[in-house]
Amino acid sequence: SYFRTEAIIDAFSPTQVANIDFAGLHGEKGNDAFTSDFIMLVALSLRGWTVFPWKECAQNMTKGAPVDEEGMRAYASKYPAFNRDAAFQHNHKEFYKVP
């Protein structure tokens with residue numbers, strides 16, 4: 001993801017993060033409330049920053065994605081960050097290692 005430095009410094013300052021109702025979010029969204037994909041959008045949105053997927057920053061989420069054209073359009077409609085032509089491929093965390 002790409003974000004403005006100003007937005008990240010503002011939204012993730014200790015004061016602003018302390019204002020997020022994590023318990024309430026957990027009650028509503030379960031463990032998703034603690035994922036970076038979710039809480040980054042919450043933190044930025046609470047501060048009034050506009051967050052949306054850019055075509056250039058999309059992900060090629062091939063696992064579970066349909067292969068037919070109609071299915072791809074429906075999948076992209078449901079998951080706006082999906083772009084089968086994107087360079088970034090989702091779900092490669094098994095290759096991440098702690099140095």
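Modeller: Helices (DSSP runs of H or I, at least four residues) and strands (runs of E, at least two) are numbered from the N terminus. This is a predicted model, where local features need pLDDT of at least 70 and side-chain atom pairs count only at pLDDT 80 or more, while totals for chains, interfaces and linings use all residues. Residues are numbered from 1 along each chain as its sequence is written, and side-chain values use heavy atoms, with hydrogens and water left out.

Colleague: How much of the protein is buried?

Modeller: Buried residues come to 20% of the 99 residues. Buried means under 20% relative accessible area, exposed means over 50%, and partly exposed is in between (1.4 Å probe, protein chains only).

Colleague: Let's go to the start of the chain. Where does Phe3 sit?

Modeller: Phe3 is in the segment before helix H1, which covers 5–11. Its relative accessibility is 31%, so Phe3 counts as partly exposed.

Colleague: New topic: how many salt bridges are there in the whole structure?

Modeller: A search of the whole structure turns up one salt bridge, meaning a side-chain nitrogen of Lys or Arg within 4 Å of a carboxyl oxygen of Asp or Glu.

Colleague: Which residue pairs with Arg47 there?

Modeller: Asp10 does, and the closest N and O atoms of the two are 2.9 Å apart. Arg47 lies in the loop between H4 and helix H5 (69–78) and Asp10 is in helix H1, so the pair ties together parts that are 37 residues apart in sequence.

Colleague: And how accessible are Arg47 and Asp10?

Modeller: Arg47 has 36% relative accessibility, so it counts as partly exposed. Asp10 is partly exposed too, with a relative accessible area of 22%.

Colleague: How do H3 and H4 pack?

Modeller: Helix H3 (residues 22–29) and helix H4 (residues 36–46) meet at an angle of about 130 degrees, and their axes are 13 Å apart. H3 and H4 are therefore oblique to each other.

Colleague: What counts as oblique?

Modeller: Under 35 degrees is roughly parallel, over 145 roughly antiparallel, 65 to 115 roughly perpendicular, and the rest is oblique. Axes are lines fitted to C-alpha atoms, for helices over the stretch in contact, with angles from 0 to 180 degrees between N-to-C directions.

Colleague: Last stop, H5. Is Met72 buried or exposed?

Modeller: Met72, which lies in helix H5, has 13% relative accessibility, so it counts as buried. Arg73 is also in helix H5, but at 53% relative accessibility Arg73 counts as exposed.
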